[in-house]
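Me: I have a structure open and would like to go through it piece by piece. Can we start with the charged pairs?

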Amino acid sequence: MVQPRSMFAAAPPAFLEPSPDDTAQALQELQAGLLARPARIDPKYLYDRLGSSLFTAITQLPEYYPTRCEAEILRDHAADIARHVGAIDSLVDLGAGDCVKAERLFASLRPRRYVPIDISADYLRAAVQRLEHAHPGLEIIALGQDFHHALDLPDTIPDAGRLFFYPGSSIGNLDPAEALAMLARIRAACAGGGLLVGIDRVKPRRILEPAYDDALHLTAAFNLNLLRHVNHLLGSDFNVHDWSHVAHYDEPHSRMQMYLQALGDVSVGWPGAQRRFGSGERIHTENSYKYTVDGFRDLLARAGYTRIEHWSDARDWFSVFSARA
């Protein structure tokens with residue numbers, strides 16, 4: 001448990017909800033993706049409250065190694081990571097989910113303030129309520145928003161002493177150009193602070209594909225739940241029974257790819273538009289790029305970071321990088 005830094009308890013957590021502009025942008029983005037050829041849905045929409053819960057279950061599967069590998073790194077190299085990071089004021093957690101990954105850092109990094117950000121506001125709110133009781137001396141400012149387009153932190157978060165934490169290889173959901181742009185946005189928001197980011201390493205197909213197409217079909221449920229979330233957001237009429245989950249490794253591009261594939265001819269409508277899908281036609285729902293250590297170090301350098309260091313698990317399946325802005 002993080003000990004209070006003063007005799008006074010921290011103020012109750014502040015929670016900033018998504019803005020109407022975020023909702024309008026989401027609707028435009030979803031409609032444009034569904035009308036594109038081939039169709040696509042951004043993977044961030046996988047994470048409504050149920051999707052976030054399903055992903056938490058996925059991390060417990062024997063096939064899904066990234067969460068365990070990252071936890072191993074943060075545990076075994078905690079002291080070295082803390083020395084490289086240095087003193088911090090605010091720990092900003094991008095894609096915080098249940099906040100468990102960042103919570104593992106509290107004891108070694110001792111942040112004064114924790115700023116979890118997640119697109120699934122309801123799921124994040126429940127996680128913040130748990131943290132409030134577990135860490136009463138920690139100031140918490142939670143943001144239920146999409147950080148992929150902008151990183152506008154509230155004025156209550158000081159510029160100095162920011163560490164951005166981007167765990168779980170979520171940076172891999174972006175193609176290399178998008179990842180470079182995201183890293184540059186984070187560097188600009190660091191205000192001279194730092195970044196701690198997890199990346200999945202290049203590995204054989206026999207290890208990667210089961211992690212995205214497990215024997216219990218939890219990943220399939222996670223992917224199919226995306227359609228229910230889109231129905232809620234867009235007012236569409238997807239029927240999950242019309243679709244199947246597909247995952248494969250694109251070795252030339254070092255990326256896992258996930259799709260939803262139509263089981264027959266399907267017509268999907270939403271206010272103001274309609275799209276027909278032929279049997280076997282796919283909607284692209286996720287890329288997950290895998291990196292070499294040298295490749296990701298180069299990406300960080302191109303984004304303007306310095307003092308780049310990394311640590312890996314015992315099998316060299318996953319790495320955590322620390323870099324200064």
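Predicted model: local features only at pLDDT ≥ 70, side-chain atom pairs only at ≥ 80, totals over all residues.

Me: Where do Lys44 and Glu29 lie?

Reply: Lys44 is in the loop between strand E2 (39–40) and helix H2 (49–58), and Glu29 is in helix H1 (residues 20–35), so the pair ties together parts that are 15 residues apart in sequence.

Me: Is Lys44 buried or exposed?

Reply: Lys44 is buried, at 4% relative accessible area. Glu29 counts as partly exposed, at 25%.

Me: How many salt bridges does the count come to?

Reply: The count is 19 salt bridges. One of them joins Arg75 to Asp76, where the closest N and O atoms are 2.9 Å apart. Arg75 is exposed, with 58% relative accessibility, and Asp76 is partly exposed, with 47%.

Me: What about Arg162, which side chain does that one meet?

Reply: Arg162 meets the side chain of Asp159 in a salt bridge, 3.2 Å from N to O. Arg162 is buried, with a relative accessible area of 7%, whereas Asp159 counts as exposed at 51%.

Me: Which residues are linked in a network of salt bridges?

Reply: Asp89, Arg112, Arg113 and Glu139 are linked in that way.

Me: Let's stay with Asp89. Where is its place?

Reply: Asp89 sits in the loop between helix H4 (78–85) and E3. Its relative accessible area is 16%, which means Asp89 counts as buried, the cut-off being under 20%.

Me: And what does Asp89 touch?

Reply: Leaving aside residues up to four places away in sequence, Asp89 touches Pro111, Arg112, Arg113, Pro158, Ala160 and Gly161. With Arg113 there is a side-chain polar contact of 2.4 Å.

Me: New topic, the sheet. What is the order of the strands?

Reply: Eight strands make an open sheet with mixed pairing, in the order E1-E5-E4-E3-E6-E7-E14-E13.

Me: Which strands stand at the edges?

Reply: Strand E1 (14–16) and strand E13 (306–312) do. Each has a single partner strand, so one side of each is left without a neighbour in the sheet. Direction ignored, neighbouring strands of this sheet are turned by 15 degrees against each other on average.

Me: How many bridges join E4 to E5?

Reply: Three bridges join strand E4 (residues 113–117) to strand E5 (residues 139–143), and the two strands run parallel. In one of the pairings, Ile117 has Leu143 in E5 as its bridge partner.

Me: Which helices lie across those strands?

Reply: Helix H7 (residues 121–134) lies across E1, E4 and E5, at about 175 degrees to E5. Further along the sheet order, helix H8 (residues 176–190) lies across strand E3 (90–94), strand E6 (162–166) and strand E7 (194–200). The angle of H8 to E6 is about 155 degrees.

Me: At what angle do H2 and H7 cross?

Reply: Their axes cross at roughly 60 degrees and come within 7 Å. H2 and H7 are therefore oblique to each other.

Me: Which residues meet there?

Reply: From H2, Arg49, Ser52, Ser53 and Thr56 meet Asp122, Tyr123 and Ala126 of H7.

Me: Moving on to H3. Which of its residues are buried?

Reply: In helix H3 (residues 66–76), the buried residues are Pro66, Thr67, Cys69, Glu70, Ala71, Ile73 and Leu74.

Me: What covers them?

Reply: The cover of the buried residues of H3 includes H4, helix H5 (100–103), E6, E7, E13 and strand E14 (318–324).

Me: Last one, E10. How many of its residues are buried?

Reply: Four of the five residues of strand E10 (residues 266–270) are buried, leaving the strand mostly covered.

Me: What does E10 form with E11?

Reply: E10 and E11 form a hairpin with two residues between them. Strand E11 (residues 273–277) runs antiparallel to E10, and five bridges join the two. Among these, Gly269 has Gln274 in E11 as its bridge partner. In the turn, Gly272 has a positive phi of about 90 degrees.

How values were computed. Residues numbered from 1 in each chain as written. Heavy atoms only, no water. Pairing = 2+ DSSP bridges. Axes fitted to C-alpha atoms, helices over the stretch in contact; angles between N-to-C directions. Contact = heavy atoms within 4.5 Å. Buried < 20%, exposed > 50% of the residue type's maximum accessible area, 1.4 Å probe, protein only. Polar contact = N/O pair within 3.5 Å; in protein donor to acceptor, adjacent residues only side chain to side chain. Salt bridge = Lys/Arg side-chain N within 4 Å of Asp/Glu carboxyl O. Parallel < 35°, antiparallel > 145°, perpendicular 65-115°, else oblique.
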